[in-house]
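Here is a short report to read alongside the model. Please keep the viewer open as you go.

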Amino acid sequence: MLEMRSSCEKCGAALPADSLEAVICSYECTFCRSHELAACPNCQGELVRRPTRVAAARVGVVVTADGYELNRVDGSRGELTDLRQVEILNEDEVYFILIGPENSLVIPQGTPGADELLVHLQKLPGFSHQRFLEAMEGQGRFVCWERPPLQA
Ligand SMILES: [Zn+2]
Ligand SMILES: [Zn+2]
């Protein structure tokens, strides 16, 4: 991956990743375009405008101190704090479904963070590993965990 150096090696000016003002040589020596250098002062190589890099949206699911957060590919965000039930939907693709009293999060298995989520879910007291295995091999929707009734 191209190294995005953050400043000009000649004058020290900031050249953030989205700057249109950076030029680089093949070794990624980085300068302001405004110096109008004929070649890289370090290696005499050709200088070209550095392509910009836009910060990638952090798509993924995370387990937080008080619940679950999901940032979807389309940029929308979901949150769930009061987990009541965990289902696995196997329909060609596998989805983890976290169900709360008011909403639910549907998380495709390939989502970044889903592996860590699964490790977390499998540690929930009473999580059915049997059901989980059935879900992985079968088709349909499988309830793998339900919050036990509160003790009186
Ligand atoms: Zn400069
Ligand atoms: Zn160079």
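## The zinc site

Which spacing do the donors of the zinc ion (ligand 2) follow along the chain? The spacing is C-x3-C-x10-C-x2-C. The protein donors are Cys25 (SG), Cys29 (SG), Cys40 (SG) and Cys43 (SG), at 2.3 to 2.7 Å from the zinc ion (ligand 2). Donors here are N, O and S atoms within 2.8 Å of the metal (3.2 Å for Na, K and Ca), and water is not among the atoms, so sites may look incomplete.

The angles subtended by the four donor atoms run from 86 to 152°, which makes the arrangement irregular. For four donors, tetrahedral requires all angles between 85 and 135 degrees; four count as square planar and six as octahedral if opposite donors are over 155 degrees apart and all others between 65 and 115, and anything else is irregular. As a reference point, the ideal angle for four tetrahedral donors is 109.5 degrees.

Cys25 sits in the loop between strand 1 (22-24) and strand 2 (30-32), and Cys43 in the loop between strand 2 and strand 3 (48-49), so this pair ties together parts 18 residues apart in sequence. Cys25 counts as buried because its relative accessibility is 3%, while Cys43, at 29%, counts as partly exposed. (Buried means under 20% relative accessible area, exposed over 50%, partly exposed in between, with a 1.4 Å probe and protein chains only.)

## How the model was treated

This is a predicted model: local features need pLDDT of at least 70 and side-chain atom pairs count only at pLDDT 80 or more, whereas totals for chains, interfaces and linings use all residues. Residues are numbered from 1 along each chain as its sequence is written, chains are lettered from A and ligands numbered from 1 in the order written, and side-chain values use heavy atoms, leaving out hydrogens and water.

## Strands and pairing

Strands (E, at least two residues) are DSSP runs numbered from the N terminus, and two of them pair if DSSP finds at least two bridges between them. An open sheet of three strands has the order 2-1-3 with antiparallel pairing; strand 2 and strand 3 are its edges, each pairing on one side only. Strands 1 and 2 share three bridges, and Ala22 has Cys32 as its bridge partner in strand 2.

Further along, strand 4 (residues 60-64) and strand 5 (residues 67-71) pair in the antiparallel sense over five bridges. A hairpin of two residues joins them.

## Lys10

Lys10 lies in the segment before strand 1 and, at 53% relative accessibility, counts as exposed. Beyond its neighbours within four places in sequence, Lys10 is in contact (heavy atoms within 4.5 Å) with Phe31, His35 and Leu37.

Technical notes: Helices (H or I, at least four residues) and strands (E, at least two) are DSSP runs, numbered from the N terminus.
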